[in-house]
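Student: I'd like to learn how to read helices, sheets and ligand shells in a model like this one. Can we go through it together?

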Amino acid sequence: MNEKIRVKDVTPVKIQKPSEALTKPNYSARNRIYVRAVQGTFENIRRFFGLIFLGAFALIPWLNYNGQQAVLLDIAEQRFNFFAMTLWPQDLTILAYILIVSAFALFFVTTFAGRVWCGFMCPQTTWTFIYIWFEEKIEGPRNKRMKLDQRKMDADKFLRKTAKHVAWVGVALLTALTFVGYFTPIDALFVNFFTFDAGFWLSFWVLFFTFCTYANAGYMREIMCTHMCPYARFQSAMFDKDTYTVAYNAQRGEKRGPRTRKMTPEQVQAKGLGDCIDCNLCVQVCPTGIDIRNGLQYECINCGACVDACNGVMEKMGYEKNLISFTSEHELKGGKTHIFRSKLLGYAVVLCVMVGLLIADIATRVPLEVDIIRDRNTLFRETNEGLIENVYTLKILNKSQIDRSYAIQVKGLVGARFIGNEIVDVAGGEVFTLPVSVATAPENLEIGTQKIYFHVSTADEKGDVVETEEPSTFIFTGV
Ligand code: SF4
Ligand code: SF4
C-alpha cells in the first residue's frame, strides 16, 4: 500500500468573506468585496432603468427651450428654469409639494416593494454598477481580480490598474461636469473647463464632484448604503408582513449542502438536504456583501442580484426557481400577500392628494409677482392742488421668460388718482422698480388707515390675462 492518495490544495484564498466584513466589530479594517457579475431578469431590469436614468441625467442639461437651457438651476440669479416655467424663491410652495410628493412616493414604493429604489434607481447603485462593469472589463472576472490584487506589482497589473483608474476618473469627471451643468450653462462649462477658463469656483466644484463620484463609486460603495444613508435606517418602519423584499426560503433551502447534479431527489432527501447547494454564489454577487440566507438585513438594497444568481443555479440543478425571490413574509409562511392594506392605501391617498395639490399649484401659478413698499418717511402729504397723497415703491417681477408690458391701476379708494407710469415694460425674469404715488381729495377720506389695491395685469402669449392684485394702505391723519 505505497500508492499515494492524490490531494487537491483547497486552502482558502484569504480575500473575501463578505458577510464577515459586516459582522466584525466597529472600526476594524473592512474586507474588500469582489462582486461577481451576474445575468438574469433583475440585472436586465436594473440595466434598463440605469440606462434611462443615465440617459436622462446626461441629456437633460443639453436641452434648449426658447433659446436658453431648458433645465437650469441658476443659483446666482436665484431662479430655476424648467422649460417654459421659471421658478423663483417665491415659488417655494411648489418645491415643498415636490419634496412631499417624492417622500410619499418613496414611502408607498418601499411599503409595497421594499428598497427597490436603492437596488434599481439610486445613483449610488447605478454608479457603483458602472464602476464594477469597468473593473470586470479591465481586470477580469471576480476570481481574476482577487488573484490580481494578491499578486505583486508587474507590468500587466500596472497597466490594468492604470486603465481602470483612468476609466473611473473619466466617468467621474463627466458625471461632475454634467451635474455642475445643471447649475450653470453647460455648453460654456464644457468649453471653459477644458480650455482652463472656467474660473476658480466652477473648476473647484467640478473637481470636488469628480472626487466624490470616484471615491464613492470606486471605494465607498456599500459603506455608503450600510453606514451613511439615512434611508437604510428608517426603511424598516415602512415594512410590514406584506412588503415584497428579497428573501430566502429557508424551509425549502435547508439543510443546505453540496451535492452532484446526478443525485436523484430521493438521494438528496435521504441525506436530509434542502434545495440550497451551498454554492455561495448569492453571496458573491451581492454588492453589499451579505448572505441573504441569514434573513432580512438592513444592508440589503433589494437589488435582486442574488435572486438572479440563485435562479441560475436552480436552473442548472433542475430545481424549481425562486429559492431566493421577491416575496412577502406572509407568502414565505405559505399565506397570501395582501396588496390592498390600510397602510399602503393611506400612502396612496396622501400621494394622490399631494400630486393634485402640486398640479393645482402649478396650474394656478401667476407668472407675475408684485411687492408694494409704502414710504415710511412721510405718512402722507398735501399736494398744491389740495389733494392728499401717499407714496409707494412697486416692485414688479416678470416671472416668465418673455418680455412683457404691464398695466397698473389703483383700486379701493374713491376718486383715487394714480401718479406714475401706468404702463411699464419688464424684461423676462427681471424686476422693475417703480416709484408711484396715489392721491385723492380729503373729503373722500376718513381719518386713519384705508385699504387700497394695486392691480397689475398683462396678456400672455395666448392672449389670456395674467393679473395680480396686491393690497396696501393709504394713511390720512387729518389736515
Ligand atoms: S442580499 Fe441580494 S438583494 Fe440584497 S443586496 Fe445582496 S444581492 Fe442585492
Ligand atoms: S445561490 Fe442559491 S443555492 Fe447557491 S448558496 Fe445561494 S441560496 Fe444556496
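**Helices, sheets and shells**

Tutor: Helix H5 (residues 123-139) packs against helix H9 (residues 200-220) at an angle of about 75°, and their axes are 8 Å apart. This is a predicted model, where local features need pLDDT of at least 70 and side-chain atom pairs count only at pLDDT 80 or more, while totals for chains, interfaces and linings use all residues. Residues are numbered from 1 along each chain as its sequence is written, and chains are lettered from A and ligands numbered from 1 in the order in which they are written.

Student: What are helices, strands and axes here?

Tutor: Helices (H or I, at least four residues) and strands (E, at least two) are DSSP runs, numbered from the N terminus. Axes are lines fitted to C-alpha atoms, for helices over the stretch in contact, and angles run from 0 to 180 degrees between N-to-C directions.

Student: How are two packed helices described?

Tutor: Two packed helices are described by the angle between their axes and the distance between the axes. Angles under 35 degrees count as roughly parallel, over 145 as roughly antiparallel, 65 to 115 as roughly perpendicular and the rest as oblique. H5 and H9 are therefore roughly perpendicular to each other.

Student: Which residues of H5 and H9 meet?

Tutor: Contact means that C-beta atoms, placed from the backbone, lie within 7 Å. On the H5 side we have Gln124, Trp127, Thr128, Ile130 and Tyr131, meeting Thr213, Asn216, Ala217 and Gly218 of H9. By class, this H5 and H9 contact has 4 nonpolar, 5 polar and no charged residues (Ala, Val, Leu, Ile, Met, Phe, Trp, Tyr, Cys and Pro count as nonpolar, Asp, Glu, Lys and Arg as charged, and the others, Gly among them, as polar).

Student: At what angle do H5 and helix H7 pack?

Tutor: About 155°, and the axes of H5 and H7 (residues 155-180) are 9 Å apart. That makes H5 roughly antiparallel to H7. On the H5 side, the contact residues are Ile130, Tyr131, Phe134, Glu135, Ile138 and Glu139; among those of H7 are Arg160, Lys164 and Trp168. This contact of H5 with H7 counts 8 nonpolar, no polar and 4 charged residues.

Student: Now sheets. In what order do the strands S3, S4 and S5 come?

Tutor: Strands pair if DSSP finds at least two bridges between them. This open sheet has 3 strands in the order S3-S4-S5, with antiparallel pairing. S3 (71-74) and S5 (85-87) are at the edges with a single partner strand each, so one side of each has no neighbour in the sheet. S3 and S4 (residues 79-82) are joined by 4 bridges, and Asp74 sits opposite Arg79 in S4.

Student: What about S10?

Tutor: S10 (residues 388-398) pairs with S8 (residues 368-374) over 7 bridges, antiparallel. S9 (residues 381-382) pairs with S10 over 2 bridges, also in the antiparallel sense. S9 and S10 make a hairpin with 5 residues between them, and Gly386 in the turn has a positive phi of about 85°. S14 (residues 431-440) is joined to S10 by 10 bridges and runs antiparallel to S10.

Student: Which residues are closest to ligand 2?

Tutor: Near means a C-beta atom, placed from the backbone, within 6 Å. Of the 16 residues surrounding ligand 2, the closest are Cys276, Cys279, Leu281, Cys282 and Cys310. Helix H15 (305-317) and helix H14 (281-284) each supply at least two residues of that shell, and H15 gives the largest share, 3 residues. Around ligand 1 there are 14 residues, and Cys286, Ile292, Cys300, Cys303 and Cys306 come nearest.

Note on methods: Two residues are in contact if their C-beta atoms, placed from the backbone, lie within 7 Å.
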